[in-house]
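Please look through the model below. The text starts with the overall fold and then turns to one pair of packed elements.

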Amino acid sequence: MSTTASDPLAALGALPGVADAVDSVRKSVDRVYGHRVMRRRSNEVTAEAALRGARGSAALSGADWNLEEVRRRTDFSGEDEARTIGAALRLTAEAGQLLSIWRQSPLRVLARLHLVAAGGATRDDAVGRPRLEGEPVDEPLIEAPVPDADEVAGRLEGLSQLIIAGSEAPALVTASIVHGELLALRPFGSHNGLVARTAERIVLIGSGLDPKSICPAEVGHAEQGRAAYVAGFEGYLSGKPEGMAAWIAHCGRSVELGTRESTAVCEALQRGAA
């Protein structure tokens, strides 16, 4: 991630194709917010978007469960996939509670997200803090080399400063870069993908693009598939302008697919079939 410009995030927004992605996302978000159901039953749409977003994020982390199974289950202990679903649900519920803290202390929020993902009851002293040198990382979907602990610390601090300083960049750009950078760093020993996608959600909500949290990008990431997700991330990892633009466009398409999902929820509510 370049830091040569005074506002590197805004510079990324000027990459070829990014403005079109930003415009397309804004139109799709405006459409779902303009749905007549949102005037009366937005809380129900938000709740359903949270459930579907958690399911999508968990699918990318290897727990690809049917939505109705996620809705039905109450016990997410036991096997690995159930724990992954439980972690995704907890993170989605937590995201909206951390907006004000995110703007002041992103690193504190990331630590909290990892603690929530891990369940909060573990005695593992690696939970809720960036990994130390030599500590393993469990993130099977992302096979890129893992940066060492010193690089992780430096880049996390740089990301934090960018967020605190603010940017003129569109919300989609900021959310995409936060997501991509956390995937690249994998700062924790586990649950990095879940945390990265939750951080993307926090940026989209906190920026004002999706204040009611009804546009679950996680749904779109899952719908496009794990191969497309990894390919998009590799574009980010390349650091090349075309690769970065491709990743931002991939994230934009994910938001659009999330808005399509919530539009379908609105239609179901309108028909009385939710």
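Of the 274 residues of the protein, 51% count as buried, that is, they have under 20% relative accessible area. The coordinates come from a predicted model. The secondary structure comprises 13 helices and zero strands, and from the N terminus on the order of elements reads α-α-α-α-α-α-α-α-α-α-α-α-α. The radius of gyration is 18 Å, close to the 19 Å that the globule rule gives for 274 residues, so the protein is as compact as a globular protein of that length.

Taken along the principal axes, the box filled by the C-alpha atoms is roughly 55 × 45 × 35 Å. Among contacts in the protein with a separation of 6 or more, 72% are between residues 24 or more positions apart.

Helix 3 covers residues 38-60 and helix 5 covers residues 80-95; the two pack with their axes 8 Å apart, at an angle of about 135°. That angle makes helix 3 oblique to helix 5, because an angle over 145 degrees would be needed to count as roughly antiparallel. The crossing of helix 3 and helix 5 is right-handed.

On the helix 3 side, the contact is formed by Ala50, Leu51, Ala54 and Ala58. Their counterparts in helix 5 are Thr84, Ile85, Ala88, Leu89 and Thr92.

Key
Residues numbered from 1 in each chain as written. Predicted model: local features only at pLDDT ≥ 70, side-chain atom pairs only at ≥ 80, totals over all residues. Heavy atoms only, no water. Axes fitted to C-alpha atoms, helices over the stretch in contact; angles between N-to-C directions. Helix = DSSP H or I, 4+ residues; strand = E, 2+ residues; numbered from the N terminus. Parallel < 35°, antiparallel > 145°, perpendicular 65-115°, else oblique. Left-handed = near helix turned anticlockwise from the far one by under 90°. Contact = heavy atoms within 4.5 Å. Rg over C-alpha atoms; globule rule 2.2 N^0.38 Å. Buried < 20%, exposed > 50% of the residue type's maximum accessible area, 1.4 Å probe, protein only.
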